[in-house]
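Hello,

Here is the structure I promised to pass on to you. Have a look at it first, and then read my notes below.

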Amino acid sequence: MSAETSLIKARGARIELAQVRKEYADSVAVDDVSLVIEPGEFMTLLGPSGSGKTTTLNIIAGFTAATSGTLTVGGKQMQDLPPHRRDIGMVFQHYALFPHMTVAENVAFPLKQRKVPKARRAEMVEAALETVRLGGYGHRRPRELSGGQQQRVALARAVVYEPSVLLMDEPLGALDKKLRESLQLEIKRVHQEVGSTFVFVTHDQEEALVLSDRIAVFNDGGIQQVGTASELYEKPRSLFVAEFLGESSTVRGRVEPDGDGSCLRVGDRTVRVAGRLPEGSAAAVVVRPEHLRAQPAAEPVAPGANALPARVTQEIYLGSGRKLELALPDGTVLLAREQADRLSGVRHGDEVTVVWDVERGVLLDDPSGTTHPPVSGDRTPVAAAEKSGR
């Protein structure tokens, strides 16, 4: 839609949550969450079920009252305002369209509630439908549309009255993978066009990586880390963030001194690490699969690289390449991802060396405090699997 014809000119509001807490009789759903979302930003609240992300969204919307803390939107205190007075749009997972109304009537509903004149309503509805690429669909009813089209109608209804903030509660969860991927790009484009502040809730890491300016990773009612997709993926600050966002390979051990730096004792071997933690502490090195290499066991390792012995237990064809599952002697399984034009040549069952550059590993505290000492002889998981024929 061109700038000349667009009637949707919303500009985003700044959202600030300060020590927001939500308690129930027997649990804490949101635990002292503080977060600033900048005007016009696309912020995703990402986390597993029960992590507090949806409750936080509902507090912003006004559907749930916080037990304590403050919430401001555009500089205004929101705690005592009902949802319909907050200048906030909402898109739900299951569309929530009125089946007896046409598409145009559904989109016009919030304008009618706000007593926008009829002629102006028609113009704004047309502009909103054009924004979501459903121009000409206004006469249809929801049952005549696909799931993806219905979700776009819900999006048009949410942006039509030009809210400063748009909240989206897992809006793509009910759609198939291909349609989800298509609508991700549509939502990203609409965000750029309308300029509202978008707050998007999902448990889908890929969705968060594709859509967001920044991501807030939730767990156990609190925020673990906030950052851009690349910051969270390349520089996670906790083992939870590293393992929740994208695939990862985790090697656990104990920190030992290594000259001016540190290394990680893994069974009877050590691996060098970039970073420092207190000597003797339980720690983990996290390496992304694209940074791991599997090479034949007899092949020499490049100077300075980390290396651990392993066996290939799975080959997974991905079209553009393949993924290898690599079992260490203690049973730890690492993942390596190879591009189709750079396949290593190792196969299922091969003895290999897992190799990575020191700077590709992220050293993190291991809250579980578990280590994996080597097990001798046929008691190793790899050897036991061979004897059982698995």
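Please keep in mind that this is a predicted model. Apart from residues up to four places away in sequence, Gln-184 touches Leu-172, Glu-207, Val-210 and Leu-211.

Next, turn to how helix 5 lies against helix 4. Two packed helices are described by the angle between their axes and the distance between the axes. Helix 4 covers residues 147-159 and helix 5 covers residues 177-194; they pack at an angle of about 20°, and their axes are 11 Å apart. Angles under 35 degrees count as roughly parallel, and the two helices are therefore roughly parallel to each other. Their crossing is right-handed.

Which residues of helix 4 and helix 5 meet? From helix 4 come Gly-147, Gly-148, Gln-151, Arg-152 and Leu-155, and from helix 5 come Leu-179, Leu-183, Glu-186, Ile-187 and Val-190. Sorted by class, this contact has five nonpolar, three polar and two charged residues.

Another glutamine to find is Gln-149, in helix 4. With a relative accessible area of 15%, Gln-149 is buried. The side chain of Gln-149 reaches the backbone nitrogen of Ser-146 at 2.9 Å. Gln-149 also touches Leu-134 and Tyr-137, if you leave out residues up to four places away in sequence.

After helix 2 comes Lys-115, with a positive phi near 60°.

Finally, is Arg-269 buried or partly exposed? You can find Arg-269 in strand 13, residues 269-272. Its relative accessibility is 40%, so Arg-269 counts as partly exposed. Arg-269 and Leu-308 are 39 residues apart in sequence, yet their C-alpha atoms are 7.9 Å apart in space. Setting aside neighbours within four places in sequence, Arg-269 is in contact with Leu-264, Ala-307, Leu-308 and Pro-309.

Enjoy exploring, and write back with any questions!

Best wishes

Note on methods:
Residues numbered from 1 in each chain as written. Predicted model: local features only at pLDDT ≥ 70, side-chain atom pairs only at ≥ 80, totals over all residues. Heavy atoms only, no water. Axes fitted to C-alpha atoms, helices over the stretch in contact; angles between N-to-C directions. Helix = DSSP H or I, 4+ residues; strand = E, 2+ residues; numbered from the N terminus. Parallel < 35°, antiparallel > 145°, perpendicular 65-115°, else oblique. Left-handed = near helix turned anticlockwise from the far one by under 90°. Contact = heavy atoms within 4.5 Å. Nonpolar A, V, L, I, M, F, W, Y, C, P; charged D, E, K, R; others polar. Buried < 20%, exposed > 50% of the residue type's maximum accessible area, 1.4 Å probe, protein only. Polar contact = N/O pair within 3.5 Å; in protein donor to acceptor, adjacent residues only side chain to side chain.
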